[in-house]
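Hi,

Here is the structure I promised to pass on. Have a look at it first, and my notes follow below.

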Amino acid sequence: MRVMEIVERYRADAYRAIYTTHFANAIYVLHVFQKKSKRGIATPKPDIDLIKSRLAEAQRDYKGRQN
């Protein structure tokens, strides 16, 4: 499974986009958010949980489109 993250800084803020390129004919954007924490670089657990949930939904959607 390939899940990639793009991190971009704009002024003093950091933004992240999480997407997957696992599928042959589609790219699903799973989550985009502004990183608010000033400590550490880790993605907060609620965001990780949301990304995992959306990834599972994207897998179901892609599989459904293939049938």
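Threonine 20 is buried, with a relative accessible area of 0% (buried means under 20%, exposed over 50% and partly exposed in between, using a 1.4 Å probe and protein chains only). This threonine 20 lies in strand S2; strands (E, at least two residues) and helices (H or I, at least four) are DSSP runs, numbered from the N terminus. Between the C-alpha atoms of threonine 20 and lysine 52, 32 residues apart along the chain, the separation is 11 Å.

Before you go further: this is a predicted model, where local features need pLDDT of at least 70 and side-chain atom pairs count only at pLDDT 80 or more, while totals for chains, interfaces and linings use all residues. Residues are numbered from 1 along each chain as its sequence is written, and side-chain values use heavy atoms, with hydrogens and water left out.

Now the sheet. An open sheet is formed by 3 strands in the order S1-S2-S3, with antiparallel pairing (two strands pair if DSSP finds at least two bridges between them). S1 and S3 stand at the edges with a single partner strand each, so one side of each has no neighbour in the sheet. On average, neighbouring strands are turned by 15° against each other, direction ignored; the axes here are lines fitted to C-alpha atoms, for helices over the stretch in contact, and angles run from 0 to 180 degrees between N-to-C directions.

S1 (residues 3-10) and S2 run antiparallel and are joined by 8 bridges. Methionine 4 has tyrosine 19 in S2 as its bridge partner, and valine 7 stands opposite arginine 16 in S2. The hairpin of these strands has 2 residues between them, and arginine 11 takes a positive phi near 60° there.

H1 lies across S1, S2 and S3, running at about 165° to S3 (contact means heavy atoms within 4.5 Å).

Rings of Phe, Tyr and Trp (its six-membered ring) pair if their centres lie within 6.5 Å; planes under 30 degrees apart count as stacked, over 60 as edge-to-face and the rest as tilted. Phenylalanine 23 and tyrosine 28 are edge-to-face, at 5.1 Å centre to centre with 65° between the planes. Phenylalanine 23 and tyrosine 62 are tilted, at 4.5 Å and 35°. Together, Phe23, Tyr28 and Tyr62 form one aromatic cluster.

Cheers
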